[in-house]
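Please read these notes with the model open beside you.

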Amino acid sequence: QKAEIVKKLDSFFSSNQSAFSPQALRILTMFGLSNMGGSDEGMEMLIAGVLKALCHDIGFKVDSKKLGKVVPSRRTIARQEKNLMVDCLLHAVQEMTKDQIKYLFLIVDHGKRNGIEYFVKLVRWGGLDEKGNRVIKQLCLDMDMSGHTAKSAADAIKHSLKKLEKAGLNLDLVTVIPSGVTGDRVAARRYNTSFHC
């Protein structure tokens with residue numbers, strides 16, 4: 001079995017382009033999203049560094065030229081982030097449809113972290129898991145920015161909720177309930193009472 005692993009490693013580093021499988025690229029993308037505000041170039045270097053360190057510790061020799069060929073490009077990394085977002089959105093809408101939701105509970109947070117402004121929009125709903133147990137499910141719609149007024153916040157929320165509609169959810173049949181708001185309290189009070197999708 002060890003010989004088989006060595007063969008796979010040798011084959012991986014003999015490729016003339018990114019040798020990661022679609023599932024491996026998905027894993028890299030999910031972990032890469034933790035690096036909020038980080039560049040795709042930085043992600044590219046992190047992947048190369050982890051591979052180099054791993055090969056060093058297991059005693060597998062790999063030169064920089066080979067390493068450079070197998071690391072996904074910045075373009076691939078950016079494309080994978082978009083693909084992951086679309087897949088998550090479509091999967092969530094399938095779950096919502098299967099759960100026959102009538103209510104979506106909206107939680108938002110407007111703020112700044114490490115000099116980067118964000119406006120997180122999270123939706124939650126009640127449904128069933130694969131064993132038929134009642135569970136709370138959730139989806140982060142996005143962290144896209146908005147202005148600092150109640151109107152711009154409400155517009156940003158409506159724009160984010162439209163993504164669910166584009167993915168196939170009929171929002172006319174769903175009541176969206178603002179259930180948790182942090183950040184700008186004045187804006188929060190205003191769209192808590194007036195927002196309707």
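**Notes on the chain**

1. The chain holds seven helices and four strands; helices (H or I, at least four residues) and strands (E, at least two) are DSSP runs, numbered from the N terminus. Starting at the N terminus, the order of elements is α-α-α-α-α-β-β-β-α-β-α.

2. This is a predicted model, in which local features need pLDDT of at least 70 and side-chain atom pairs count only at pLDDT 80 or more, while totals for chains, interfaces and linings use all residues. Residues are numbered from 1 along each chain as its sequence is written, and side-chain values use heavy atoms, with hydrogens and water left out.

3. The chain is more spread out than a compact globule, because its radius of gyration is 21 Å, well over the 16 Å that the globule rule gives for 197 residues. The radius is taken over C-alpha atoms, and the rule is 2.2 Å times the number of residues to the power 0.38. The C-alpha trace spans about 65 × 45 × 25 Å along its principal axes.

4. Of the 197 residues, 34% count as buried, that is, under 20% relative accessible area with a 1.4 Å probe, protein chains only.

5. Helix α3 (residues 40–58) and helix α5 (residues 74–98) have axes that come within 9 Å and cross at roughly 105°. Axes are lines fitted to C-alpha atoms, for helices over the stretch in contact, and angles run from 0 to 180 degrees between N-to-C directions. The two helices, α3 and α5, are therefore roughly perpendicular (65 to 115 degrees).

6. Where they meet, Asp40, Glu41, Met43, Glu44 and Ile47 of α3 are in contact with Arg74, Ile77, Ala78 and Glu81 of α5 (heavy atoms within 4.5 Å).

Technical notes:
Parallel < 35°, antiparallel > 145°, perpendicular 65-115°, else oblique. Buried < 20%, exposed > 50% of the residue type's maximum accessible area, 1.4 Å probe, protein only.
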